[in-house]
Amino acid sequence: MLWVVSTDPVELWPHATESDLQVVIQAVYRQVLGNQHVMDSQRLTTGESLLRDGSITVRGFVRMVAQSELYRSLFFEPSSPYRFIEVNFKHLLGRAPTAQAEISEHVCLYNEQGYEAEINSYIDSTEYLEAFGENTVPYARGAQTQTGFRTVDFNRTFALERGFAANDIG
């Protein structure tokens, strides 16, 4: 699988070609799985088909990847709750948590409502919809000026990002 490396947002447009669709699918895997290589046997072919035929949006495909057994095995099972939440922010909102209170809120949500509710809290948030909408792949937003974010948030995001060559395992 060829990985697309871009700092520009990747969006799925109406009437996209198969080539355009593959760029979007690869960008979702790269972002949501934290630059982890995805083998053909690990791909979510059902989700890819649903995206291809228009049954789900990019946002729906992001949700499927983040709720998959692959995501769970890579980021939930081997990680502390703090690290799991930190990578959820990075993968699904394109930024680091802004404060300990934000992490605590998500730890409580996970403990009270479970894994799916924790994942959905990012994808169903106003922030996600305003930043990415239905058809833009989440991307690292830390290098951009964002209303309401402090300079320390910028620094936290860069510390979490680590560049294109790194992955988020471990």
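In this predicted model, His106, Leu109, Tyr110 and Gln113 of helix H6 meet Tyr115, Ala117, Glu118, Ser121 and Tyr122 of helix H7, a contact being heavy atoms within 4.5 Å. By class, the residues of this contact are five nonpolar, three polar and one charged. Here Ala, Val, Leu, Ile, Met, Phe, Trp, Tyr, Cys and Pro count as nonpolar, Asp, Glu, Lys and Arg as charged, and the others, Gly among them, as polar.

Residues are numbered from 1 along each chain as its sequence is written. Local features need pLDDT of at least 70 and side-chain atom pairs count only at pLDDT 80 or more, while totals for chains, interfaces and linings use all residues; side-chain values use heavy atoms, with hydrogens and water left out.

**Helix packing**

- Two packed helices are described by the angle between their axes and the distance between the axes.
- Helix H6 covers residues 100-113 and helix H7 residues 115-123; their axes come within 7 Å and cross at roughly 140°. Axes are lines fitted to C-alpha atoms, for helices over the stretch in contact, and angles run from 0 to 180 degrees between N-to-C directions.
- H6 and H7 are therefore oblique to each other; angles under 35 degrees count as roughly parallel, over 145 as roughly antiparallel, 65 to 115 as roughly perpendicular and the rest as oblique.
- Helix H1 (residues 18-32) packs against helix H2 (residues 45-52) at about 135°, with the axes 11 Å apart, so this pair is oblique as well.
- Glu18, Leu21, Gln22, Val24, Ile25 and Tyr29 of H1 meet Glu48, Leu51 and Arg52 of H2. That contact has five nonpolar, one polar and three charged residues.

**Overall make-up**

- The protein has nine helices and zero strands; helices (H or I, at least four residues) and strands (E, at least two) are DSSP runs, numbered from the N terminus.
- Of the 170 residues, 44% count as buried, where buried means under 20% relative accessible area, exposed over 50% and partly exposed in between, with a 1.4 Å probe and protein chains only.
- Among contacts with a separation of 6 or more, 68% come from residues 24 or more positions apart.

**Backbone points**

- His15, in the segment before H1, has a positive phi of about 65° although it is not a glycine.
- His15 counts as exposed because its relative accessibility is 82%.
- Asn35 is not a glycine either, and has a positive phi of about 70°; Asn35 sits in the loop between H1 and H2.
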